[in-house]
Amino acid sequence: MSALPRCFLLPMLFAAVVASSAAAVGVTVRARPDDEQEEKPTIYLVSVHGEPPLASAGVGRNATWYRAQKRRVARIHDRLLQRAMDDDGARGSGSCRCRKIYSFHHSVNGFAVHATASLAERLRAAPEVVAVEKDVGTRLMTTYTPRLLGLPDGVWWQRHRGSTSKGEEDDGEGVVVGVVDSGVDPAHPSFAYVPRPEAAADPPDDDGPFAGGRGCSVGPMFPPGSCNGKIVTARYFAAGAAAVLPLDPSRDLSPFDAEGHGSHVASVAAGNRGVPVVVGGAMYGFASGMAPSARLAVYKAVYPAGGTMADLIAAIDQATEDMVDVLVLSVGSDERPTSKVTFLSMLDVALLYARRAGVFVAQAAGNRGPAESSVVSYSPWVTTVAAATTGRSYTSWLVLGDGRRIPGLGLSAPTFQARLVAAKDAAAPDATKMERAEECQDAEALRWRADMLRGSIVVCSFSRGFYNGTSTVTAILGVAEALGFAGFVLAADAQHGGDFLAQPLPLAVPGLMVPRVADALVLWSYYAAHTVYGGTATVFGATAAVTEGRVAAFKDAAPVVVRYSSRGPDVTDRESTPADVLKPDILAPGDQIWAAWSALSVNEIILSGNHFAMISGTSMAAPHIGGVAALIKQRHPSWGPAAVASALSTTARRHDRQKRPIMSEGFEIGSLHRATPFHYGAGFVNPAGALDPGLVVAPEPDDYTTFLCSLPQLSPYDVQAATGLACQASLVSPVDLNLPSVTVSALRGSLSLQRRVTNVVSNAETYLCSVLPPVGVDVTVRPGWFEVAPGETQELVIEFRVSRTSDAFGFGEILLAGSLDHLVRLPLAVRPLAT
């Protein structure tokens, strides 16, 4: 969701939000004479020179000192803002209405301000200020996936090596997963505290950063006690949203999830195990998160009316201070940043400091596929997640009177054979809203022949109203109930739009969607042959039945990269210059995922009243990776986030369950093409393999600074100004960053680079190196084999030489096969250009 382009100032609401948000600090608003022309304020993000003031402050610091440092930083930002306001006033540049919304302390040095454009320009000119970014708003990007990924038997039940406890499982116990999203429903059974049988009765974290429930906000629908041991902290950040969006104090000013999205994401990552999924009286299985025993830290930064980058960065800042182990980010901007390079937006700098603080970040790739370079997660310090199918599908059928079966989608009960009537044939001859009648959106326009519709299966048209957003399936259900339909069919319209994309929806009235024009034409041909017209339709002889749509079918052609999942290559700037970084990083289940839902569901009326929902998106893929990362962190508590990311990458699978190469959906609905690393990154997540990767290829925290210093678009001053980190050294080229992949966006002639691999098992192992080179490129790895002792590091030299030029990327991989059966894969993406 993106912030609305209009500015609202709700003084009472705003004051309440500022008082309750953890990092919000206000600066007084200066009034102007009424006769001066007034500028409309908006939100700006202001980056200030220097490292984030509390970036290296540990949780063990004295609380009084900590609070004093926060106040000191806020005063520095206040003085900078006040000086700009004074200069703005002296220049007579219109009405100056402004308020500082947040000061950031841990993940970025800067603040957010609700101000006019003229004041933003004055701030931009201040010597202390690095950059001023306009807040573009944010957008929100299971029962089966744990078994698909081999978790219940292959991972959760594996005991730690050397453990003698029968109850010790790799299911996330002791790990905290942070989720920045639309909040959570604390009453949902997926988030109940369920202690282990051998655990003490008291909730955990008695002396950690979440001890005693501190950091747990209360408010509407989020009463005291909502932080129950499963949820260890819950906060909301609404100062930005309150400045530019209409908020509802009865539901928004607390961590409660009025949207549904946040509950869904949190439960995929770390929802409790074995929670029954019941929707509309039908049982769909049992839900479990990827790390069902992990704890949840909830940071609400998105609201039914939208979200702002200011609130998002404030939430990340707090999660970094709280030292969560894993952070799931299924929300972000759909626009490329305005910074000189994509890696230096305020959001990306905040995530850099989260990584430096030891936080593993899983971020959704975006839902702008299948266009190339459509990823909206750019930086090498973030694990960017693409979305795949699971192989589970829900297909219902429309059985025509002549026995032919037309496939469709709809989670509904079946019907008996009934008369088939087109809505367009039941509309009044003088209906002024014929299109809405054909789309079954207007009961009054259909009452002329209501007797004919009652007890019939009615065919509705998916045409212009659905494309422009004025028509909905929810409205069809209302009309169907009002007029007594036995069922309905929402069929593609060849004249107005053609095929459409559809997801199975829970339908209170029996029905299904037929999204393919070819199938709809079969329906219309049969209908026309059995309908007699005399000016208007007078004899309806067609019949049909809707089959049960709530039973899942399973097929082996999974995973497939879904059409909407954003693609690489990664880019460094707004001009789409390819980056020497592979994006996305990894592929995970994201299509048709069952998980927890908030019954309030303000924006998805068709899902309201339900405690579970099946939805799709890279938003659903990211928490799968976040949950698996929590499992790795539990098994290997000393590993940093880079090692976790490497373990996920080097063990990922490039083939589906039938051992065939992973496929990818294309622009044309139903089309499939062989996928590449720009679709799936390193491949499909393999949790069991990631727990025991053999080797890791992991940059040190300072390596990201040297990476930035090596970018040709940036000077050392640019890097230090944006991050507060000095260029003590620089890589020869950005391709030298020690990632578990190699991307060379412009190979001319030859190139030599290095990777450092570290043995993370308890035995020495010998590895043999082999290469599948990209088309047009010769690749050599030296040494060709090596032995590496436990904890030791081996340097590999990888040499590339152009053998045939091309403007397109070619793909391959380096395979390191270990004597103890470890297989380490490094994907290659190289574009061989003419010298």
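**A close look at valine 265**

Modeller: Valine 265 touches Val179, Asp181, Val328, Ser330, Ser619, Met620 and Pro623, when residues up to four places away in sequence are not counted. Please keep in mind that this is a predicted model. Valine 265 itself lies in helix H7, which runs over residues 261-270, and it counts as buried because its relative accessible area is 0%. Valine 265 and valine 184 are 81 residues apart in sequence, and yet their C-alpha atoms are 9.2 Å apart in space.

Among the residues that valine 265 touches are Ser619, Met620 and Pro623, and this leads us to helix H15, which covers residues 618-635. The largest nonpolar core of the model has 185 residues, and Phe343 and Leu648 are those with the most contacts inside it. The largest share of this core, 9 residues, comes from helix H15. Helix H15 is mostly covered, with 18 of its 18 residues buried. Its length can be checked as well: at 1.5 Å a residue, the 18 residues of H15 should span 26 Å, and the C-alpha atoms at its ends are 26 Å apart, which agrees.

Phe343, which we met in the largest core, also belongs to one aromatic cluster together with Trp381, Tyr704 and Phe707. A pair of aromatic rings is described by the distance of the centres and the angle of the planes. The count comes to 14 aromatic pairs. In one of them, the rings of tyrosine 102 and phenylalanine 237 have their centres 6.5 Å apart and their planes at 50 degrees, so the pair is tilted. Tyrosine 102 is buried, with a relative accessible area of 0%, and phenylalanine 237 counts as buried at 0% relative accessibility. Tryptophan 524 and tyrosine 527, on the other hand, form an edge-to-face pair, with 5.8 Å from centre to centre and 85 degrees between the planes. Both tryptophan 524 and tyrosine 527 lie in helix H14, residues 517-529, where they are 3 residues apart, about one turn of the helix. An α-helix has 3.6 residues a turn, so residues three or four places apart point the same way. Tyrosine 527 counts as buried, at 2% relative accessibility.

From the helices we can turn to the strands. Strand S8, residues 275-279, pairs with strand S9, residues 282-287, in the antiparallel sense over 5 bridges, and valine 275 stands opposite alanine 287 in S9. The two strands S8 and S9 form a hairpin with 2 residues between them, and glycine 280 in the turn has a positive phi of about 60 degrees.

An open sheet of 4 strands has the order S34-S36-S40-S38, with antiparallel pairing. Strand S34 (695-696) and strand S38 (777-782) stand at the edges with a single partner strand each, so one side of each is left without a neighbour in the sheet. Strands S36 (residues 750-759) and S40 (residues 793-802) pair in the antiparallel sense over 9 bridges, and valine 757 stands opposite glutamine 794 in S40.

Lastly, threonine 116 is placed in the loop between strand S3 (110-115) and helix H3 (117-125). Threonine 116 counts as buried, at 0% relative accessibility, and its side chain is joined to that of serine 118 by a polar contact of 3.2 Å.

Technical notes:
Residues numbered from 1 in each chain as written. Predicted model: local features only at pLDDT ≥ 70, side-chain atom pairs only at ≥ 80, totals over all residues. Heavy atoms only, no water. Buried < 20%, exposed > 50% of the residue type's maximum accessible area, 1.4 Å probe, protein only. Contact = heavy atoms within 4.5 Å. Pairing = 2+ DSSP bridges. Polar contact = N/O pair within 3.5 Å; in protein donor to acceptor, adjacent residues only side chain to side chain. Core = buried A, V, L, I, M, F, W, Y, C linked by side-chain atoms within 4.5 Å. Expected span 1.5 Å × (residues − 1). Phe/Tyr/Trp six-rings, centres within 6.5 Å; stacked < 30°, edge-to-face > 60°.
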